[in-house]
Amino acid sequence: MKGSGIVTPPSVLPQNYVFTGKPNNGQINSSGIQIGINNINLIGNPYPSAIDANEFILDNLSTINGSLYFWEHYTSNSTHVLSGYQGGYATRNLVGGVPPVSPALISGLGSSSRIPGRYIPVAQGYFVKGNSSGGQIIFKNSQRRFVKENNANSNEMFRANNSTTSLNNNDDQEVPDTFARIRLGYTGSTNYHRQLLIGFMNENADDNFNLGYDAEIIDIQANDIYFQNGNYKLVIQGVGFFDVNKSYPLTLKSSQPGVVNFMIDGLENFDPNQPIYIHDNSNDSFYNLRGANVSLTIPAGEITNRFSLRFSNGTLSSTEFDSSPTTV
């Protein structure tokens with residue numbers, strides 16, 4: 001639903017939208033909620049309550065790839081004209097979520113660091129992608145939770161941030177997990193910032209592509225970065241137990257030669273004494289992100305086999321790289 005756009009500050013008042021009909025309850029798996037193989041479908045929370053994104057994903061792993069994509073209008077957005085949009089797609093799966101990046105064909109203005117929460121509010125829409133089999137998408141009452149929109153863990157993407165984010169408000173409580181996660185930040189040569197998330201999910205994932213734990217990037221920009229896992233291009237990567245000798249390849253895209261920056265955007269349950277390196281295979285250099293942000297000059301094109309995320313600055317026996325970067 002689009003607003004009328006006739007009310008302007010400082011006299012802005014809430015605009016009411018009326019939903020009519022009987023509220024949904026029970027299992028919803030009618031033949032109308034189908035997704036094709038590798039297709040992307042727009043769906044949404046059909047219940048008069050929040051739903052748990054994790055439970056929805058687990059109930060539908062036989063059908064979807066296990067990642068949810070949420071469009072967010074940035075709070076600075078003030079138009080319904082596509083070319084003037086300020087927004088982007090945020091991503092969430094069983095590892096966690098990452099904030100949006102503004103895609104092509106819109107203004108490129110504005111920014112957001114908001115990470116989509118675990119609980120999807122009433123009527124919130126999102127995209128899902130079919131896996132190699134596709135099929136029926138299922139909603140169940142067991143996915144439903146009593147979580148208010150102003151809860152800190154609510155995925156409230158279309159409204160301004162609410163100052164009331166207390167968890168102590170009789171909402172269903174989320175039990176924090178202990179999985180270690182790294183939020184790797186990257187700012188390209190044109191100053192676009194992308195955040196990648198890697199989670200060490202113990203026995204739940206491994207180095208292969210794992211439904212529900214590895215999130216494909218659906219909005220690759222002219223200046224971007226992603227984890228390269230075989231043929232998969234990932235914005236979120238879920239792996240197994242932490243191993244100091246593991247290496248996680250990164251692919252960079254740049255529309256022009258220039259300086260790019262790597263940094264740590266955040267850490268969760270991660271050993272504070274463990275070094276985190278960016279390895280540059282072109283000269284076998286290791287840069288410890290624990291000490292400072294890393295600035296490097298790259299050429300234009302797609303750069304593969306050059307950069308990786310590592311945790312040891314010694315020789316790794318488990319990984320071999322082409323000694324020359326690939327550019328296009």
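Rings of Phe, Tyr and Trp, with Trp represented by its six-membered ring, count as a pair if their centres lie within 6.5 Å. Planes over 60 degrees apart make such a pair edge-to-face. By this rule there are 19 aromatic pairs here. Keep in mind throughout that this is a predicted model.

**Stop 1: two ring pairs**

Select W71 and Y89. Their ring centres are 4.9 Å apart and their planes stand at 70°, so the pair is edge-to-face. W71 counts as buried because its relative accessibility is 16%. Y89, at 22%, counts as partly exposed.

Next, select F200 and F311. This aromatic pair is also edge-to-face, with 5.9 Å from centre to centre and 70° between the planes. F200 sits in strand 12 (residues 193–200), while F311 is in the segment after strand 21 (301–310). The pair links distant parts of the chain, 111 residues apart. Both F200 and F311 are buried.

**Stop 2: a ring cluster and the core**

Select Y47, F56, F70, Y126 and F139 together. These residues form one aromatic cluster. Then look at the largest nonpolar core, which has 57 residues. Which of its members touch the most other members? They are F56, Y126, F139, L250, L252 and F262.

Centre the view on F262. Leaving aside residues up to four places away in sequence, its contacts include Y186, I225, L250, L252, L289 and F307.

**Stop 3: the whole chain**

Zoom out. Of its 328 residues, 46% are buried. Take the contacts between residues at least 6 apart in sequence: 70% of them join residues at least 24 apart. The chain exposes about 15,900 Å², and carbon and sulfur atoms supply 49% of that area.

**Stop 4**

Strand 6 pairs with strand 5 over two bridges, in the antiparallel sense. Here R92 has G97 in strand 6 as its bridge partner.

Now show strands 7, 3 and 10. Another open sheet has three strands, in the order 7-3-10, and its pairing is antiparallel. Strand 7 (119–120) and strand 10 (144–145) are the edge strands. Strand 3 (residues 50–52) is joined to strand 7 by two bridges. Across from I51 stands I120 in strand 7.

Move on to strand 16 (residues 247–254). Six of its eight residues are buried. Strand 14 (residues 224–229) runs antiparallel to strand 16, and four bridges join them. Seven bridges join strand 16 to strand 21, again antiparallel. Click on K253 in strand 16: D224 stands opposite. In strand 21, the bridge partner of K253 is E302.

**Stop 5: salt bridges**

Side chains of opposite charge can pair when their charged atoms come close. The structure holds 11 salt bridges.

Select D52 and R118. Their side chains meet in a salt bridge at 2.9 Å, N to O. D52 lies in strand 3 and R118 in the loop between strand 6 and strand 7, so the pair ties together parts that are 66 residues apart in sequence. Are these two residues buried or exposed? Both D52 and R118 are buried.

Select E216 and K129. This salt bridge spans 3.4 Å, N to O. E216 is in strand 13 (residues 215–216) and K129 in strand 8 (residues 125–130), so parts 87 residues apart in sequence are tied together. E216 is buried at 17% relative accessible area, and K129 counts as buried at 16%.

Finish with E268 and R181. The closest N and O atoms of this salt bridge are 3.6 Å apart. E268 lies in strand 17 (residues 258–268) and R181 in strand 11 (residues 180–187), so this pair ties together parts that are 87 residues apart in sequence. E268 is partly exposed at 28%, whereas R181 is buried at 6%.

Note on methods: Residues are numbered from 1 along each chain as its sequence is written. This is a predicted model: local features need pLDDT of at least 70, side-chain atom pairs count only at pLDDT 80 or more; totals for chains, interfaces and linings use all residues. Side-chain values use heavy atoms; hydrogens and water are left out. Rings of Phe, Tyr and Trp (its six-membered ring) pair if their centres lie within 6.5 Å; planes under 30 degrees apart count as stacked, over 60 as edge-to-face and the rest as tilted. Buried means under 20% relative accessible area, exposed over 50%, partly exposed in between (1.4 Å probe, protein chains only). A nonpolar core is a set of buried Ala, Val, Leu, Ile, Met, Phe, Trp, Tyr and Cys residues joined through side-chain atoms within 4.5 Å. Contact means heavy atoms within 4.5 Å. Accessible areas come from the Shrake-Rupley method with a 1.4 Å probe; for residues, only the protein chains shown count as cover. Two strands pair if DSSP finds at least two bridges between them. A salt bridge is a side-chain nitrogen of Lys or Arg within 4 Å of a carboxyl oxygen of Asp or Glu.
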